[in-house]
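Reader: I'm new to this one. Can you walk me through it?

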Amino acid sequence: LEPGTPVSHDLLVEALWPGTPPETAPHAVQVYVSQLRKALGGELISRSGQGYVLELDPKQVDAQRFARLVGEGRELLAGGDLAAASTVLREALGLWRGPALADFVYEPFAQTEIARLEELRLDAVEARIDADLALGRHADLVAELEALVHAHPLREHPRAQLMLALYRSGRQAEALAAYRAARELLVEELGIEPGPELRELEGA
């Protein structure tokens, strides 16, 4: 999670044994680090003060590559290079093989990073869809957007994207029905009206 950044011995102990670690924890950490050095190569893990550093180029870590590609894709989208933005964002999303840090989903140390990566993934999906909508691929996006709205019913931007894709596919009545469904859910679940993006799109 933090290549190139020193991680203290105490933090490693807390991550491996939250709460009350066993008396053998300090020795166990040394054993684990030794095993990692054998598996990865000794030069990749170095001592730093009271801890260790994983000496990895960020380009070798999927999460770091993903974040860099998403940033590039957003810049291309903002600059109007839609085809390149769609390609780069697809490349970023192609790095995913399932939920973020799936092996550590119940570990306290991973919760913040899991939430960050999942939010960044959703942002990347929405940005890629924005690029594809601008490229006129609306008809191809309807099914994907319906699934995205079903999975994240309270996110308004995918609902706006669905309305736009339906309207541009000649399905105006369904686009308006999508707005009504969004409004009903937001009022019922949160007691709020849809935001400006949805309201302006419905009016248009």
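Predicted model: local features only at pLDDT ≥ 70, side-chain atom pairs only at ≥ 80, totals over all residues.

Reader: Which residues line the second largest pocket?

Author: Met163, Leu164, Tyr167, Gln172, Ala175, Leu176, Leu201, Glu202 and Ala204. They divide into seven nonpolar, one polar and one charged.

Reader: Which elements each supply at least two residues of that lining?

Author: α7 (156-168), α8 (172-190) and α9 (196-203).

Reader: What volume does the largest pocket have?

Author: About 1,600 Å³. It is lined by 41 residues, and the closest to its centre are Leu1, Glu2, Leu101, Phe104 and Phe109. Elements giving two or more residues to this lining are α1 (9-16), α2 (25-40), β3 (51-54), α3 (62-78) and α5 (111-134).

Reader: How does the lining of the largest pocket divide into nonpolar, polar and charged?

Author: 32 nonpolar, two polar and seven charged.

Reader: New topic. In the largest nonpolar core, which residues touch the most other members?

Author: Phe66, Ile129, Leu145 and Leu162, out of 33 residues in that core. α3, α4 (82-93), α5, α6 (138-151), α7 and α8 each supply at least two residues of the core. The largest share, eight residues, comes from α5.

Reader: What is leucine 145 in contact with, leaving aside neighbours within four places in sequence?

Author: Leucine 145 is in contact with Ile129, Pro158, Gln161, Leu162 and Ala165.

Notes:
Residues numbered from 1 in each chain as written. Heavy atoms only, no water. 1 Å grid on protein atoms, 1.4 Å probe; cavity = no way out; pocket = protein on both sides within 12 Å on 5 of 7 lines; lining within 4 Å. Points joined across faces, edges and corners; volume = space filled by probe spheres on them. Helix = DSSP H or I, 4+ residues; strand = E, 2+ residues; numbered from the N terminus. Nonpolar A, V, L, I, M, F, W, Y, C, P; charged D, E, K, R; others polar. Core = buried A, V, L, I, M, F, W, Y, C linked by side-chain atoms within 4.5 Å. Buried < 20%, exposed > 50% of the residue type's maximum accessible area, 1.4 Å probe, protein only. Contact = heavy atoms within 4.5 Å.
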